[in-house]
Each structure stands twice: as C-alpha cells, then as structure tokens.
Amino acid sequence: MVQGQCRRMLHGVFQRCKTGQFQLPKACGGLIEASGAKMHQNRLIYSTNKQLSAKDSVQASEEKVGPFTRIIEAMGFTGPLKYSRWKIKVAALRMYTCCVEKTDYEEFFNRCQMPDTLNSWFLVAQLHVWMCLVRMKQEGRAGKYMCRYIVHCMWEDVEQRGKVMGINSVVLKQDLRSMVENFYAALFGYDEGILSDDHVLAAALWRNLFNRNCEDPRHLELLVEYVRKQVQHLDALSGEDLLLTGEVSWRPLVESNARSILKPLSPVYNDEGL
C-alpha cells in the first residue's frame, strides 16, 4: 500500500510539473535549499588541494537539475545522471580494484611495521578508498553515486575475503560491524587532516591506520607525505575519464622526489565506456 501511494504521489507531482502547476511547499523548498547548500559545502570540504582546474569548477557549478529530480533525491532516490548507472557502477568497481590490486601491501607492512592480517589489509585499503572518494566527490551527482558503489564493492570484498580465510560467520559479522564504525570515523579524521596541516593529518593516520600504535615518527612522516602526493596526483586526473573508466594509478610509497608530479596518461575507452 505504501509503495502504491508513493507511486501515485510521484505520478501526480510529475504531471503537475509538466503542466506548470506545481509549486514547492515551504518545508520541501527549505529541505532542497539545505541539501543544495550541503552539496556545495561537501564540494568545498573534499577539495583537497584547493586549486581545482577552472574546467572542473565550471562543470560542477553548471550542473542543473529540475524540480522533479530534486524532489525524488530529497526523498532518498537517485535521479537521472550524466552517464548511465551501469557505466558508473562498472567504473566504480574498476576504481576499487585499482585500490586493492595496484597497491603494494607488503611494502606498507614492512616499512610501517604492521602485522600481516586482514585488519591491516583493510586499514591500508580504506586509506586508498578514501582518497578515491575525495576525488570523486568533486564530480557532482554522478561522482557521489559512484562513491556509494565504491564503498559497496569494498564491503562485499571484505566479507568474501573473510569467508575465504575461514573466519567464523559470527566473528566475521562482529568484525564487519566494527570495521564499518571505524571506516566512517576514519573518513571524518582523514577529511579534517587533509584540510589542515601535517600535524592533524599525522594524528588521523596514527589513530586510524596505526591503531594508536606507532612508536617511530618516521613512519607517520612517510605516510603523511604519501597521502599528500597521492591526493595531488588524483586531482590531476580528468574527472570525465574517471567517471567512464575508473582507472587510477598510485605513486610509489617511497620515491626520490615526492614533490614532483607528472601529468598522468589519459586512459583509453570505447563508446560504451569500457
């Protein structure tokens, strides 16, 4: 009954939008304005080097949606996007795959003296996933939709890895619940750190990546430098290419000149975004 009423309500709203007889209620208008302000605020929060290209800034500001799209998105649904959802989901899966397959976890474990466990793997993976989320949040509504699916792919992968390792289902469920809480807490900490100085970012890495167990400050210095250069590297990538392919590359953990950044090669894809 609830679904039927929701369909009838949306149909009536759509018809009134077509005939030009629809006016937003004050409460709904306030909600939409607040949502728009929040989107703009998030765009500023996730702008990591504060120097986005003029093209990306114009694209983000010129994205316009109709009143019907705003209504259904305010209700929790996803409106029409720039690209098909199937293409964005494929790109999100590829981006997550780049986080887990193009990262040298053994080097992280050795240099940072981390135990080789599922939890340590997850902490390194979530750091790279967070950097991808930071980049895709700059791509408007399509980027936000892609972020949701990247996180979905991550939890599916973590659960499957736990099952392959033979972890008891009850224990795995408890571990997943703890990982979810730590993940969203880490997002807030990393966001604050990337917008602040190196001391705040180092504190966030100490709490989340090292689990408050790091006695050598050189490890924190190495990770702070790594995060800064990776975020700079991702900001140089084309947003259109990321939405269509999801291909990202990572700079090495240790390199001679971490401040130097080369313009990455543009990925090649066909008309279907594959």
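**Reading charged pairs**

Guide: Let us begin with one residue of this predicted model. D198 is partly exposed, its relative accessible area being 43%.

Visitor: With which residue does D198 form a salt bridge?

Guide: Side chains of opposite charge can pair when their charged atoms come close. Here D198 forms a salt bridge with R228, and the closest N and O atoms are 3.1 Å apart. D198 belongs to helix α10 (residues 198-208) and R228 to helix α11 (residues 217-235), so the pair ties together parts that are 30 residues apart in sequence. R228 is also partly exposed, at 25% relative accessibility.

Visitor: What separates E159 and K163 along helix α8?

Guide: These two residues are four residues apart in helix α8, which means about one helical turn lies between them. E159 is partly exposed at 28% relative accessibility, and K163 is partly exposed at 48%.

Visitor: Is R135 buried or exposed?

Guide: R135 is buried, with a relative accessible area of 2%. Its salt-bridge partner E139 is buried as well, at 11%. The closest N and O atoms of this pair are 2.7 Å apart.

Visitor: Which residues form a positive surface patch?

Guide: R85, K89, K144 and R148 form such a patch. Helices α5 (85-101) and α8 (140-164) each give two or more residues to the patch.

Technical notes:
Residues are numbered from 1 along each chain as its sequence is written. This is a predicted model: local features need pLDDT of at least 70, side-chain atom pairs count only at pLDDT 80 or more; totals for chains, interfaces and linings use all residues. Side-chain values use heavy atoms; hydrogens and water are left out. Patches are made of residues with over 30% relative accessible area and no salt bridge: like charges are joined within 9 Å, nonpolar side chains (Val, Leu, Ile, Met, Phe, Trp, Tyr) within 5 Å. Accessible areas come from the Shrake-Rupley method with a 1.4 Å probe; for residues, only the protein chains shown count as cover. A salt bridge is a side-chain nitrogen of Lys or Arg within 4 Å of a carboxyl oxygen of Asp or Glu. Lys and Arg count as positive and Asp and Glu as negative; His and the chain ends are not counted. The place of a charge is taken as NZ of Lys, CZ of Arg, CG of Asp or CD of Glu. Buried means under 20% relative accessible area, exposed over 50%, partly exposed in between (1.4 Å probe, protein chains only).
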